[in-house]
Amino acid sequence: MSEARMLEIIFPANTNNLGTAFGGYILSLMDKAASIAAVRHCRKTVVTVSMDTVTFHVPIKVGDAVNLYAQVVKVGRTSMHIQVDVHKENLATAEQVLATSGRFVFVALDAEGKPTPVPPLDHVHD
């Protein structure tokens with residue numbers, strides 16, 4: 001399984017003076033979901049190498065739920081590219097909208113902290 005799903009709710013402590021989620025908070029949730037997808041793919045320790053093409057499409061407000069979906073979409077010898085999409089959900093109306101999307105790159109590490117090979121994308125875990 002080379003994917004991960006997470007659900008969070010946005011509280012005032014994670015927002016700015018406009019009542020919308022801090023971009024850094026959303027990025028941290030995305031990084032967490034991406035790391036889970038990466039570990040599920042390779043079953044090794046992973047580290048974030050880069051966050052590429054992160055786009056904030058619409059603001060996320062206090063009280064919105066955020067549904068994060070992360071999926072490994074490409075692998076190299078030691079690296080994995082993970083697409084993360086964040087949909088905001090108005091819990092009162094059930095309306096969902098793509099709020100943020102981005103691509104993350106992770107590298108797998110061995111016990112000595114050195115890059116180590118990862119399985120191909122079509123690899124299936126039991």
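Start at Ile82. Leaving aside residues up to four places away in sequence, Ile82 touches Ala34, Ala37, Ala38, Ala70, Gln71, Val72, Gly102, Arg103, Phe104 and Phe106. Keep in mind that this is a predicted model.

Now widen the view. Ile82 is among the residues with the most contacts inside the largest nonpolar core.

H1 gives the largest share, with nine residues.

Next, E4. Eight of its 11 residues are buried, so E4 is largely enclosed by the rest of the structure.

Look at how E4 pairs. On one hand there is E3. The two run antiparallel, joined by 10 bridges. Leu68 stands opposite Val86 of E4. The link from E3 to E4 is a hairpin through three residues.

On the other hand there is E5. E4 and E5 also run antiparallel, and here 11 bridges join them. Met80 has Phe106 in E5 as its bridge partner. Recall that Phe106 is also one of the residues that Ile82 touches. E4 and E5 form a hairpin too, with six residues between them.

That turn brings me to the backbone. Most residues other than glycine have a negative phi. Which residue in the turn between E4 and E5 has a positive phi? Ala94, at about 70°. Ala94 is not a glycine, and it lies in the loop between E4 and E5.

Second case: Arg43. Its phi is positive as well, about 55°, and Arg43 is not a glycine either. Where is Arg43 placed? In the loop between H1 and strand E2, which spans 45-56. Is Arg43 buried or exposed? The relative accessibility of Arg43 is 51%, and exposed means over 50%, so Arg43 counts as exposed.

To recap. H1 supplies the largest share of the core. E4 is largely enclosed, with eight of 11 residues buried. Ala94 has a positive phi, and so does Arg43.

Note on methods: Residues numbered from 1 in each chain as written. Predicted model: local features only at pLDDT ≥ 70, side-chain atom pairs only at ≥ 80, totals over all residues. Heavy atoms only, no water. Core = buried A, V, L, I, M, F, W, Y, C linked by side-chain atoms within 4.5 Å. Buried < 20%, exposed > 50% of the residue type's maximum accessible area, 1.4 Å probe, protein only. Helix = DSSP H or I, 4+ residues; strand = E, 2+ residues; numbered from the N terminus. Contact = heavy atoms within 4.5 Å. Pairing = 2+ DSSP bridges.
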